[in-house]
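These are my notes from going through one model, entry by entry.

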Amino acid sequence: MGITIGCVGCGNMGSAILLGLKERLNGQGHVFCGCNRSREKLLPLQERGVELLDDALSLAQRCDVIVLAVKPYQAEAVLESMLPALASGKIVISVAAGLSLACLRTAVQGCCPVVRCMPNTPALVGQGIFAFCFEDSLLRHEDKSLVLGIFSALGLCLELEESSFAAFSALIGAGPAYVFAMMQGLVQAGVSLGFSWKESRRMVTALFAGSAQMAGLSAAPLMQLRDEVCSPGGLTIAGVNHLDRKGLTGILVDAVLAAAVRGREMES
Ligand SMILES: NC(=O)c1ccc[n+]([C@@H]2O[C@H](COP(=O)([O-])OP(=O)(O)OC[C@H]3O[C@@H](n4cnc5c(N)ncnc54)[C@H](OP(=O)(O)O)[C@@H]3O)[C@@H](O)[C@H]2O)c1
């Protein structure tokens, strides 16, 4: 049965979620709505068939599922403005980084269940990873299924305890930055060896996509996949030896641990 799904705050993440869901859930009878403080960001959404609403309160009145995608510091005031429209039967899903379920629950005053969600940026291309915290006692089993059913259209969905959100954010939320940094290094290496920037980037992008797909399809340990590329006395083992001498694995572990420490400091 079709439901009405809306997004308050149609900036980078809100628009990506709304347009991604509209595109991928097309034909299931859902209606998609958006509202944003500045109107110009709504025009591309309108062109794609998203219904526009004037403000957060009107959107909350119209929608069954309300995605809150304003900046974390704006979230509580926006929830307060929606209070007259929040009622059981509706679900609020907040993607605001670092904003705890306790804060969200206080803001909605028990009027409806709240879900805390943390996406990462590949959600912008329908390949995101979404962590969901379903610890609000007002949430029914069918609400959880509904949320997972909707968001699985945009990538991998995981249910996590809220206590794991800082770890998830440090590893997966921040993860695209680590991956892009590694890609940048390899692209630069390609240019150093005489490829154009464009060629090098194209090849490195395909390298990451292909390797990720191999890793996803294989049950073999990653070290085994790595070692299988290294012929005895060959060029790959020479490169891999250098990575080991420089401690790439330890650098990555330390980067994620540093991000987790900062994430815990930022939780509110
Ligand atoms: N981008 C990411 O990679 C990412 C990843 C994980 C989580 N998140 C979370 O996603 C949320 C949005 O981030 P973002 O990067 O998409 O930020 P953004 O591009 O600044 O989008 C926020 C939008 O909210 C709008 N807004 C502010 N107050 C509003 C109100 N009262 N009613 C309606 N709209 C309002 C803003 O409108 P204006 O155009 O007027 O400013 C803006 O377009 C944040 O809480 C962030 O923590 C983002």
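**Entry 1: strand pairing.** I started with strand 1 and its partner strand 2 (residues 31–35), which pair in the parallel sense over five bridges. I then followed the chain between them: from strand 1 it passes through helix 1 (residues 12–24) to strand 2, and this β-α-β crossover is right-handed. I note here that the model is predicted. I also looked up the pairing of strand 1 with strand 4 (residues 65–68), which is parallel as well, over four bridges.

**Entry 2: burial of strand 1.** How many of the five residues of strand 1 are buried? I found five of the five, for residues 4–8, so the strand is largely enclosed by the rest of the structure. I sorted the residues by the way they point: Thr4, Gly6 and Val8 go one way, and Ile5 and Cys7 go the other way. Residues on both sides are buried. The general rule I had in mind is that side chains in a regular strand alternate between the two faces of the sheet.

**Entry 3: Cys7.** Cys7 has a relative accessible area of 1%, so I logged it as buried, the cut-off being under 20%.

Entry 4: I searched for disulfides and the count is zero. For Cys7 the nearest cysteine sulfur is that of Cys10, at 4.6 Å. A disulfide needs the two sulfur atoms within 2.5 Å, so Cys7 is in none. I also checked the burial of Cys230: its relative accessible area is 14%, and it counts as buried.

**Entry 5: salt bridges, Lys144 and Glu159.** I counted eleven salt bridges in the structure. As background, side chains of opposite charge can pair when their charged atoms come close. I looked at Lys144 and Glu159, where the closest N and O atoms are 3.2 Å apart. Buried or exposed, or in between, for Lys144? Lys144 is partly exposed, at a relative accessible area of 22%. Glu159 is also partly exposed, at 45%.

**Entry 6: salt bridges, Arg226.** I found Arg226 in a salt bridge with Asp227, at 3.3 Å from N to O. Arg226 also forms a salt bridge with Asp244, with the closest N and O atoms 3.4 Å apart. This second pair links distant parts of the chain: Arg226 is in helix 10 (residues 222–229) and Asp244 in helix 11 (residues 235–246), 18 residues apart. I then wrote down the relative accessibility of each residue. Arg226 is at 28% and counts as partly exposed. Asp227 is partly exposed at 42%, and Asp244 is partly exposed at 44%.

**Entry 7: a salt-bridge network.** I looked for linked salt bridges and noted a network of Arg140, Glu142 and Asp143.

**Entry 8: nonpolar surface patch.** Which residues form the nonpolar patch on the surface? I listed Val179, Phe180, Met182, Leu243, Leu248 and Leu252, with about 450 Å² of accessible area together. Helix 8 (175–192) and helix 12 (248–266) are the elements that give two or more residues to the patch. Helix 8 gives the most, with three residues.

Entry 9: Val179 is found in helix 8 and, at 32% relative accessibility, counts as partly exposed. Leu252 lies in helix 12 and is partly exposed at 31%. Patch membership needs over 30% relative accessible area, so Leu252 passes that cut-off with its 31%.

How values were computed:
Residues are numbered from 1 along each chain as its sequence is written. This is a predicted model: local features need pLDDT of at least 70, side-chain atom pairs count only at pLDDT 80 or more; totals for chains, interfaces and linings use all residues. Side-chain values use heavy atoms; hydrogens and water are left out. Patches are made of residues with over 30% relative accessible area and no salt bridge: like charges are joined within 9 Å, nonpolar side chains (Val, Leu, Ile, Met, Phe, Trp, Tyr) within 5 Å. Accessible areas come from the Shrake-Rupley method with a 1.4 Å probe; for residues, only the protein chains shown count as cover. A salt bridge is a side-chain nitrogen of Lys or Arg within 4 Å of a carboxyl oxygen of Asp or Glu. Buried means under 20% relative accessible area, exposed over 50%, partly exposed in between (1.4 Å probe, protein chains only). Two strands pair if DSSP finds at least two bridges between them. A crossover is right-handed if, with the strands pointing away from the viewer, the path from the first strand over the helix to the second runs clockwise.
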